[in-house]
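Here are some notes to read beside the structure. They are numbered so that each can be checked in turn.

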Amino acid sequence: HASQERRMALRGVPATNDLAESSLGGATYQLQRFGRIGIKHAAAVSDVRRNGWLRRGTKEEKGKHKRPAGLFHTLPEPVQFAIMESAIKDAPQQRTRNTEELDLQRKAKEAKEKLIHELNLHNSTEAYIDAIYYYKMYFSEACMKDMTAGEVQKAIDLFPSKTAKLDALKENIRMRKLGLGFDWVDDKWSKSNKAFGVGVLTSRLIAIIQREGRDECIIPT
C-alpha cells in the first residue's frame with residue numbers, strides 16, 4: 001500500500017498513460033494506413049491532429065459552444081502565407097531526403113530478414129538479432145576501422161547526401177555499441193531536441209576508432 005505522503009504527492013496526477021498512448025496510437029495509425037512514411041512524419045501528423053493546430057474553429061451556434069481555432073489560424077495572415085510558401089519551397093528537397101531515408105530503412109530491414117532466415121533466429125529477441133546483425137557488419141566493407149582521422153573524413157565525404165552521411169556514421173557507431181558490446185560508446189543522436197550534425201558524429205566515430213585500436217579494447221570473436 002502507498003503511504004499517506006505518497007498519496008498526497010500523487011493527487012491530481014493522471015492515473016493512466018492515456019496521453020502517451022494516444023500519441024503513439026496516432027503515429028501507428030499513420031504508419032499502418034500509408035506504409036511508406038517516415039516515423040518522424042507520422043508522429044508529426046499525430047501531434048498536429050491531437051493538438052488541433054490546423055483546426056479552423058467554429059462560430060457559436062444556438063445550444064453549442066464555440067470551437068476555438070487552432071494555433072495556425074490564430075497567426076497573422078502574412079505569417080500563415082510565409083509558412084505555406086516555405087513548405088512549398090522546401091518540399092522537393094524534403095521529398096528527396098524522405099525517399100533516401102525510406103530506401104535505407106528498407107535495405108536494413110531486408111538484410112535483417114535475410115540474417116534471421118540464414119541463422120534461424122525467428123524466435124530470438126530483437127536486441128539479439130540487432131547484436132548479431134551489427135557484429136557481422138563490423139567485419140564487412142561497410143565498417144570504417146583502422147583508419148586515420150583524415151581517411152575517415154574522406155570516406156564520409158564520398159557519400160552523396162547528408163542523409164547518407166548520417167546513416168553511415170550512425171551504423172558504424174552502432175556496430176561498436178550493439179555489435180561489439182562496447183558500453184562506453186555514446187549512441188545518442190541528439191541533445192535538447194536538436195539532432196547532432198555530420199561533423200559531431202564524424203568526430204565521435206574518429207574517437208571510437210582511435211580508442212578501439214588500443215590494447216584495452218578487445219574485439220570479440
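1. Helices α7 and α9 are oblique to each other. In this predicted model, the axes of α7 (residues 149–157) and α9 cross at roughly 140° and come within 10 Å. The crossing of α7 and α9 is right-handed.

2. The contact between these two helices involves A149, V152, Q153 and I156 on the α7 side. On the α9 side the residues are V198, T202, L205, I206 and I209. Sorted by type, the residues of the contact of α7 with α9 are seven nonpolar, two polar and no charged.

3. Helix α9 (residues 198–212) also packs against α8, at an angle of about 30° and with the axes 10 Å apart. That angle makes α8 roughly parallel to α9, because angles under 35 degrees count as roughly parallel. Here the crossing is left-handed.

4. In the contact of α8 with α9, α8 supplies K162, K165, L166, L169, K170, N172, I173 and R176. These meet V198, L201, T202, R204, L205, I208, I209 and E212 of α9. The residues of this contact divide into eight nonpolar, two polar and six charged.

5. Where does N172 lie? N172 is part of helix α8, which covers residues 162–179. Is N172 buried or exposed? With a relative accessible area of 1%, N172 is buried, because buried means under 20%.

6. What does the side chain of N172 reach? It reaches the backbone oxygen of A168, at 2.9 Å. Leaving aside residues up to four places away in sequence, N172 touches A142, C143, M144 and L205. L205 is also listed among the α9 residues in the contact with α7.

7. Most residues other than glycine have a negative phi. S192, although not a glycine, has a positive phi of about 55°. N193 is not a glycine either, and its phi is positive at about 65°.

8. Are S192 and N193 buried or exposed? S192 has a relative accessible area of 71% and is exposed. N193 has a relative accessible area of 82% and is also exposed. Both labels follow because exposed means over 50% relative accessible area.

Methods. Residues are numbered from 1 along each chain as its sequence is written. This is a predicted model: local features need pLDDT of at least 70, side-chain atom pairs count only at pLDDT 80 or more; totals for chains, interfaces and linings use all residues. Side-chain values use heavy atoms; hydrogens and water are left out. Helices (H or I, at least four residues) and strands (E, at least two) are DSSP runs, numbered from the N terminus. Buried means under 20% relative accessible area, exposed over 50%, partly exposed in between (1.4 Å probe, protein chains only). A polar contact is a pair of N or O atoms within 3.5 Å; within protein, one must be able to donate a hydrogen and the other to accept it, and residues adjacent in sequence count only if both atoms are side-chain atoms. Contact means heavy atoms within 4.5 Å. Axes are lines fitted to C-alpha atoms, for helices over the stretch in contact, and angles run from 0 to 180 degrees between N-to-C directions. Angles under 35 degrees count as roughly parallel, over 145 as roughly antiparallel, 65 to 115 as roughly perpendicular and the rest as oblique. A crossing is left-handed if the near helix is turned anticlockwise from the far one by less than a right angle, and right-handed if clockwise. Ala, Val, Leu, Ile, Met, Phe, Trp, Tyr, Cys and Pro count as nonpolar, Asp, Glu, Lys and Arg as charged, and the others, Gly among them, as polar.
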